[in-house]
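Please look at the sequence and the structure before reading on.

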Amino acid sequence: MNLPFQIDLSRKTAVVTGAGGVLCSGFSKALAACGARVALLDINQAAAQKYADEITAAGGTAKAYECDVLNRASVEAAHAQIAADFGPCDILLNGAGGNNPRATTTNEYYFEGDLDKDIATFFNLDPKGVEFVFNLNFLGTLIPTQVFTQDMLGRESCCIVNISSMNAYTPLTKIPAYSGAKAAISNFTQWLAVHFSKAGIRVNAIAPGFFVTIQNEKLLFNDDGTPTPRTDKILAGTPMERFGKPEELNGALLYLISEEAASFVTGIVIPVDGGFSAYSGV
């Protein structure tokens with residue numbers, strides 16, 4: 001893997017949640033390319049195993065673990081196995097998250113008469129769907145942090161990187177629960193940074209802009225591969241006029257992890273968004 005710069009993680013154990021997905025599998029490969037022993041956690045172990053196999057085939061050290069980030073016992077079981085396989089966690093990347101159709105409105109705006117239509121409006125959003133999205137993103141970050149950060153206490157050069165989103169800055173239409181949950185992640189990142197400042201644990205986050213993933217592919221492209229109207233709006237609001245490539249997140253990740261580069265950096269959220277957050281539309 002071509003990396004923007006190299007850091008030596010050869011004595012580090014990195015734990016990545018949500019590692020069966022496009023972005024977090026890329027993070028896992030970048031960490032392994034720098035020498036880390038990488039534990040790829042996902043509720044779908046087969047998905048994580050695919051990427052773990054790719055890492056080991058490339059000469060890296062990685063193992064996949066089944067883990068439900070919303071289940072403390074599941075996280076603790078994964079933690080115990082990782083400790084036995086690789087030793088204590090030095091780097092925690094909280095990447096598990098996502099949206100759910102039950103927490104998504106059909107239309108961007110409310111119009112008179114919508115209540116009489118068979119569509120998902122703000123007024124009939126499923127509270128259980130909203131709860132699931134909040135839990136997956138927020139509790140799915142909190143619980144692994146509670147478990148794996150205990151390994152970091154009393155040890156040097158340990159850090160946490162959370163995955164926020166552009167939604168945390170300005171909410172996107174149709175996905176109120178996901179937007180709110182990611183705003184909570186940015187806030188939680190700051191809280192954790194302060195809370196662990198005396199313990200020497202740095203906590204930061206990355207806020208990706210628009211990247212094509214398995215979760216959003218159907219929202220961005222029609223079955224014939226043509227862009228949807230939502231894609232047109234996204235690219236019109238992104239000055240660089242394209243989607244990001246997963247590897248373009250690696251520079252921010254390695255910077256935040258590097259003690260040499262970022263030893264005095266904690267509590268920040270770095271946008272990697274092609275200018276989306278800077279553009280007013282005019």
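**Reading the strands, cysteines and pockets**

Q: How many of the residues of strand β2 (residues 37-42) are buried?

A: Buried means under 20% relative accessible area, exposed over 50%, and partly exposed in between, with a 1.4 Å probe and protein chains only. Helices (H or I, at least four residues) and strands (E, at least two) are DSSP runs, numbered from the N terminus. In strand β2 five of the six residues are buried, so the strand is mostly covered. The model is predicted: local features need pLDDT of at least 70 and side-chain atom pairs count only at pLDDT 80 or more, while totals for chains, interfaces and linings use all residues. Residues are numbered from 1 along each chain as its sequence is written, and side-chain values use heavy atoms, with hydrogens and water left out.

Q: Which strands are joined to β2 by bridges, and do they run parallel or antiparallel?

A: Two strands pair if DSSP finds at least two bridges between them. Strand β1 (residues 13-17) and β2 run parallel and are joined by five bridges. In this pair alanine 14 stands opposite valine 38. Strand β3 (residues 61-66) also runs parallel to β2, with six bridges between them.

Q: What is the hand of the unit made by β1, helix α1 (residues 22-33) and β2?

A: A crossover is right-handed if, with the strands pointing away from the viewer, the path from the first strand over the helix to the second runs clockwise. The β-α-β unit of β1, α1 and β2 is right-handed. From β2 the chain crosses through helix α2 (residues 45-57) to β3, and this crossover is right-handed too.

Q: How many disulfides does a search of the whole structure find?

A: A disulfide is a covalent bond between the sulfur atoms of two cysteines. The cut-off is a pair of cysteine sulfur atoms within 2.5 Å. The search finds zero disulfides.

Q: What lines the largest pocket, and about how much space lies in it?

A: The search uses a 1 Å grid over the protein atoms alone; a cavity is a set of points where a 1.4 Å probe fits but cannot get out, and a pocket is an open set with protein on both sides within 12 Å along at least five of seven lines. Lining residues have an atom within 4 Å of a point. Grid points are joined across faces, edges and corners, and a volume is the space filled by probe spheres set on the points. The largest pocket holds about 1400 Å³. Its lining has 49 residues, and Gly97, Gly98, Asn99, Thr213 and Gln215 lie nearest its centre. Helix α1 gives the largest share of this lining, four residues.

Q: How is the lining of the largest pocket divided by class?

A: Ala, Val, Leu, Ile, Met, Phe, Trp, Tyr, Cys and Pro count as nonpolar, Asp, Glu, Lys and Arg as charged, and the others, Gly among them, as polar. The largest pocket is lined by 26 nonpolar, 18 polar and five charged residues. The second largest pocket has a space of about 490 Å³. Among the 18 residues that line the second largest pocket, Leu172, Phe210, Lys233, Gly237 and Phe276 are the closest to its centre. By class, that lining has nine nonpolar, six polar and three charged residues.

Q: Where is serine 157 found?

A: Serine 157 is in the loop between α4 and β5 (159-163). Its phi is positive, about 60 degrees, although serine 157 is not a glycine. At 28% relative accessible area, serine 157 is partly exposed.
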